[in-house]
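These entries record what I looked up in the structure shown below.

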Amino acid sequence: MDTNYARVFQDTGAVDKYEHVTYAPGSYASRINERQRAYLRALVRRAFPGVRPVQHDFACGTGRAIRSLHGLVREAHGYDTSTDMLAKAAEVGTRARLHAVAADGPVPRPAAAEQGPALVTMFRLLLNVDDTVRDRALAFAAQALPDPDAGLLVIENHGNARSLRHLRARRLRGQRWFAELSHDDIGRLLERHGFEIVERRGFSMLTQGWYERRGLDRIARGVDSAASVLPGADRYAVNVVYVARRLQA
């Protein structure tokens with residue numbers, strides 16, 4: 001697959017397609033986003049009952065994860081290598097300080113924020129890049145969350161290797177856009193950077209094709225909505241969110 005995220009999204013046409021086609025109302029991605037938004041808002045209320053966290057959204061794109069938490073964080077910072085993505089984030093009303101970061105070189109540092117807990121979020125990143133970029137992203141998170149009491153890391157895997165999507169792996173392996181990550185892959189990545197998974201939730205059991213077939217889309221929405229609240233369904237979900245905390249040194 002093409003893992004050069006910066007190159008792909010240094011183009012206003014690609015950014016517009018991402019925001020208005022991939023996430024068009026009623027689309028597969030937008031339905032997942034709706035479920036994730038409800039979960040994230042409940043998570044923040046539950047995990048940070050006293051002081052609202054500062055959000056650091058790495059590879060923020062058009063700011064979707066930041067907008068999901070409007071009103072629940074003290075302040076928000078979005079980081080991206082694509083200036084076109086950042087421009088679109090501002091255009092669609094993302095309330096955050098937006099930071100352009102380099103695609104390589106020293107690991108970007110989290111913006112200075114007032115004292116208190118932090119929430120680091122990473123959506124639609126890990127599956128789309130190589131190990132170097134994944135390690136870079138987790139090194140950023142480790143700076144923002146230096147110890148277990150510093151806050152939480154929330155990351156997304158939108159291609160779980162144990163899901164229904166895996167049935168297409170043999171046929172599509174080698175295609176530039178197809179990749180998979182297993183729960184073990186995510187666990188090893190987090191452990192390598194001093195994190196442990198404390199919670200996991202699935203948001204789609206079925207693949208995008210179900211949502212694009214007339215008559216099946218309603219069934220798919222019902223199945224996925226139910227699965228997103230059923231214990232254990234995350235093991236085989238296509239789209240999975242992991243909540244992690246730093247390990248004790």
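Entry 1. I worked from a predicted model. I began with His193, whose relative accessibility is 17%. Because buried means under 20% relative accessible area, I recorded His193 as buried.

Entry 2. I placed His193 in the chain: the residue is found in the loop between α8 (183-192) and β6 (195-204).

Entry 3. Which residues is His193 in contact with, leaving aside its neighbours within four places in sequence? I listed Asp135, Leu138, Ala139, Ala142 and Arg246. For Asp135 I noted a polar contact between its side chain and the side chain of His193, at 2.8 Å. For Leu138 I noted a C-alpha separation of 6.4 Å from His193, with the two residues 55 apart along the chain.

Entry 4. I then turned to backbone angles. Most residues other than glycine have a negative phi. Ala59 is not a glycine, yet I found its phi to be positive, about 60°. I located Ala59 in the loop between β1 (54-58) and α4 (64-68).

Entry 5. Arg124 is found in the loop between β4 (118-122) and α6 (131-144).

How values were computed. Residues numbered from 1 in each chain as written. Predicted model: local features only at pLDDT ≥ 70, side-chain atom pairs only at ≥ 80, totals over all residues. Heavy atoms only, no water. Helix = DSSP H or I, 4+ residues; strand = E, 2+ residues; numbered from the N terminus. Buried < 20%, exposed > 50% of the residue type's maximum accessible area, 1.4 Å probe, protein only. Contact = heavy atoms within 4.5 Å. Polar contact = N/O pair within 3.5 Å; in protein donor to acceptor, adjacent residues only side chain to side chain.
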